[in-house]
Amino acid sequence: MLKIWGRTNSVNVKKALWAAEELGLKYERVDAGMQFGVTKTPEYLKMNPNSLVPTIEDDGFVLWESHTIVRYLCAKHGMGRLCPSDLKARADAERWMDWAFTFQNAMRSVFWGLIRTPPEKRDAKAIEEGRLQSIRLAEILDKHLQGKSYVTGAAFTMGDIPIGCEVQRYLRVPIERPKLAALEAWFERLRQRAPFMKFVDIPLT
Ligand SMILES: N[C@@H](CCC(=O)N[C@@H](CS)C(=O)NCC(=O)O)C(=O)O
């Protein structure tokens with residue numbers, strides 16, 4: 001059976017879990033990372049020398065890097081659905097998957113500063129820079145989503161998964177942000193999906 005290592009409050013673990021649930025896969029999840037430890041054990045480091053989560057094991061095949069895990073699971077179990085079979089449509093989805101790390105980089109100081117750092121230790125300048133950069137990126141996505149249901153067009157694909165997880169953090173951290181109608185409508189569409197509500201749109205910790 002598919003095995004997924006990772007704590008459920010990790011944005012990158014959420015991507016693997018969301019994909020597995022969308023595909024209806026049976027899997028076992030093992031808590032790992034931060035307070036759960038595990039990632040520094042010799043057994044884990046043998047699988048993932050980065051000491052990070054998520055890691056998966058599928059019939060003896062070990063894989064890390066969350067977006068690659070999403071690609072792998074969707075290509076294996078969702079070809080022609082979550083993973084577009086047309087080469088250009090697939091590249092379009094993958095572009096938004098990779099761009100999700102651009103969004104994550106912008107949001108890092110905001111998320112860590114406001115959610116995981118006590119008020120007296122916060123770096124207000126870094127948080128503000130991250131907030132402005134995240135808004136700039138959210139506006140790009142909002143413009144792209146105008147007239148579309150999902151990032152690649154009419155259908156939900158793997159292209160929505162990593163960026164959906166990053167935008168959840170953007171919309172749930174306590175910051176001022178402009179109203180972006182297309183982005184918020186897309187987010188509400190994601191909220192109609194049970195796996196998104198089960199693993200992604202949960203309180204930030
Ligand atoms: N590019 C990697 C980054 C993985 C990563 O940074 N994971 C974080 C959680 S989001 C982690 O393992 N942090 C240390 C920990 O949880 O102990 C991926 O997408 O899988």
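Biologist: Why is D92 called buried in this predicted model?

Modeller: Its relative accessibility is 17%. Buried means under 20%. The value falls under the cut-off, so D92 counts as buried. D92 is found in helix α4.

Biologist: How far is D92 from I161 in space?

Modeller: Their C-alpha atoms are 13 Å apart.

Biologist: What makes Q35 exposed?

Modeller: Exposed means over 50% relative accessible area. Q35 has 58%, so Q35 is exposed. Q35 sits in the loop between β2 and α2, the helix at 42–47.

Biologist: Where is N50 relative to Q35?

Modeller: Along the chain, N50 and Q35 are 15 residues apart. Their C-alpha atoms are separated by 17 Å.

Biologist: What about C165?

Modeller: C165 is in no disulfide either. The nearest cysteine sulfur to C165 is that of C74, 12 Å away. The count of disulfides comes to 0.

Biologist: Are C83 and C165 buried or exposed?

Modeller: C83 has a relative accessible area of 0%, under the 20% cut-off, so C83 is buried. C165 also has 0%, so C165 is buried.

Biologist: Now the strands. What makes β1 and β2 a pair?

Modeller: Two strands pair if there are at least two bridges between them. Strand β1, residues 2–5, has 4 bridges to strand β2, residues 27–30. The count meets the rule, so they pair. They run parallel. K3 stands opposite E28 in β2.

Biologist: How do you know that β1 pairs with β3?

Modeller: The same rule asks for at least two bridges. There are 3 between β1 and β3, residues 55–58, so this is a pair too. These strands run antiparallel. In β3, I56 is the bridge partner of I4.

Biologist: Why is the unit of β1, α1 and β2 called right-handed?

Modeller: Point the strands away from you. A crossover is right-handed if the path from the first strand over the helix to the second runs clockwise. β1, α1 and β2 make a β-α-β unit of that hand.

Biologist: How is empty space found?

Modeller: A probe the size of a water molecule is rolled over the atoms, and this shows where empty space is left.

Biologist: How many cavities of 30 Å³ or more are there?

Modeller: The count comes to 1. The largest cavity holds about 50 Å³ of space. Its lining includes N9, F111 and R169. By class, that lining has 5 nonpolar, 2 polar and 2 charged residues.

Biologist: What makes a cavity and a pocket two separate things?

Modeller: In a cavity the probe fits but cannot get out, while a pocket is an open set. The largest pocket has about 570 Å³ of space. It is lined by 27 residues, and the closest to its centre are R7, S10, N12, L52 and V53.

Biologist: Which helix gives the most to the lining of the largest pocket?

Modeller: α4 does, with 5 residues. Both α1 (11–22) and α4 (87–115) supply at least two residues. By class, the lining of this pocket has 10 nonpolar, 11 polar and 6 charged residues.

Technical notes. Residues are numbered from 1 along each chain as its sequence is written. This is a predicted model: local features need pLDDT of at least 70, side-chain atom pairs count only at pLDDT 80 or more; totals for chains, interfaces and linings use all residues. Side-chain values use heavy atoms; hydrogens and water are left out. On a 1 Å grid over the protein atoms alone, a cavity is a set of points where a 1.4 Å probe fits but cannot get out, and a pocket is an open set with protein on both sides within 12 Å along at least five of seven lines; lining residues have an atom within 4 Å of a point. Grid points are joined across faces, edges and corners, and a volume is the space filled by probe spheres set on the points. Ala, Val, Leu, Ile, Met, Phe, Trp, Tyr, Cys and Pro count as nonpolar, Asp, Glu, Lys and Arg as charged, and the others, Gly among them, as polar. A disulfide is a pair of cysteine sulfur atoms within 2.5 Å. Buried means under 20% relative accessible area, exposed over 50%, partly exposed in between (1.4 Å probe, protein chains only).
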